[in-house]
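Hi,

Here is the structure I promised to pass on. Have a look at it first, and my notes follow below.

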Amino acid sequence: MSIAVITIDGPTASGKGTVASLVARTLGYHYLDSGALYRLTAYKALKHGVDLADEPALEKLARELEPIFREGKIELDGEDVTRAIRAEEVGVAASKVAALTAVRSALLQVQKSARKAPGLVADGRDMGSVIFPDATLKVFLTASAEARAQRRFNQLKEKGIVANIGTLAQDLRERDRRDTERAVSPLAPAPEAKILDSSDMTIEETVAQVLAWYREATEKRSH
Ligand code: CDP
């Protein structure tokens with residue numbers, strides 16, 4: 001039997017990361033934050049002054065990326081970048097490098113190899129549609145633009161990062177547009193994905209819904 005995978009895709013600030021890591025923790029599964037790989041690529045490019053349109057240079061950078069994920073922290077080239085890669089500037093740069101085909105292929109293998117027993121919860125944009133098409137359960141998590149801007153604002157504030165809610169809403173719309181309109185792996189629900197609008201749901205309710213769907217899906221498979 002193949003190793004179980006739950007994919008949670010959706011637009012920026014929909015709560016994917018929080019929900020996916022809680023679902024993983026509840027089930028004792030591994031967790032793949034695929035967005036972090038694009039953020040790390042973008043972070044390194046910004047740091048080394050690599051042009052965000054220089055596809056061959058960015059591909060090399062993505063291919064040679066050697067991040068260490070340990071106890072909720074991310075290390076890159078000996079530096080703790082856990083906080084730094086969450087900056088909005090890095091998110092915007094990540095969505096630019098993520099539109100490049102060569103960068104996406106360079107990051108393919110590392111994502112696929114995250115599928116380890118007893119199971120995996122993966123969050124991103126194309127987890128269900130491209131990376132794990134045979135996932136046990138595919139969820140597409142959304143929320144209204146207003147709810148997402150507010151969540152991102154609170155999240156940054158908690159991390160001590162000062163932000164402006166108007167600017168955040170604007171960035172969010174631009175990122176949605178770029179992620180949805182790109183030619184390669186655009187942001188869209190996989191045909192069989194369950195759509196979950198969490199605008200008026202708490203994190204606990206959202207996690208509970210995903211777990212309930214997962215139970216249903218595994219019961220169906222075992223019959
Ligand atoms: O947390 P947020 O949703 O803002 O961002 P993220 O999940 O960390 O991803 C940052 C950027 O990486 C997104 O805007 C996408 O353009 C890109 N990404 C992607 O293209 N494919 C994925 N599987 C994950 C992220």
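This is a predicted model: local features need pLDDT of at least 70, side-chain atom pairs count only at pLDDT 80 or more; totals for chains, interfaces and linings use all residues.

For Arg39, the distance from a polar side-chain atom to a ligand oxygen is 2.6 Å. Arg125 has a side-chain N or O atom 3.1 Å from an oxygen atom of the ligand.

Numbering runs from 1 along each chain as its sequence is written, and side-chain values use heavy atoms, with hydrogens and water left out.

Back to the ligand. On its own it has 530 Å² of accessible area (Shrake-Rupley method, 1.4 Å probe), and the protein covers 96% of that. There are 19 residues around the ligand (a heavy atom within 4 Å), and Thr12, Lys16, Arg39, Arg104 and Asp179 come nearest. By class, the shell has 5 nonpolar, 5 polar and 9 charged residues, with Asp, Glu, Lys and Arg counted as charged, Ala, Val, Leu, Ile, Met, Phe, Trp, Tyr, Cys and Pro as nonpolar, and the others, Gly among them, as polar.

Which element gives the most to that shell? It's α2, with 4 residues. Helices here are DSSP runs of H or I, at least four residues, and strands are runs of E, at least two, numbered from the N terminus.

α2 also packs on α4: their axes (lines fitted to C-alpha atoms over the stretch in contact, angles from 0 to 180 degrees between N-to-C directions) come within 8 Å and cross at roughly 105°. That makes α2 roughly perpendicular to α4 (65 to 115 degrees). In contact terms (heavy atoms within 4.5 Å), Tyr38, Arg39, Thr41, Ala42, Tyr43 and Leu46 of α2 meet Glu89, Val90, Gly91, Ala93, Ala94 and Val97 of α4.

The Ala117 to Pro118 peptide bond is cis, with omega near 5°, and Pro118 sits in the loop between α6 and β6. Ala13, in the loop between β1 and α1, has a positive phi, near 60°. Most residues other than glycine have a negative phi, and most peptide bonds are trans.

Cheers

Notes. A polar contact is a pair of N or O atoms within 3.5 Å; within protein, one must be able to donate a hydrogen and the other to accept it, and residues adjacent in sequence count only if both atoms are side-chain atoms. Angles under 35 degrees count as roughly parallel, over 145 as roughly antiparallel, 65 to 115 as roughly perpendicular and the rest as oblique.
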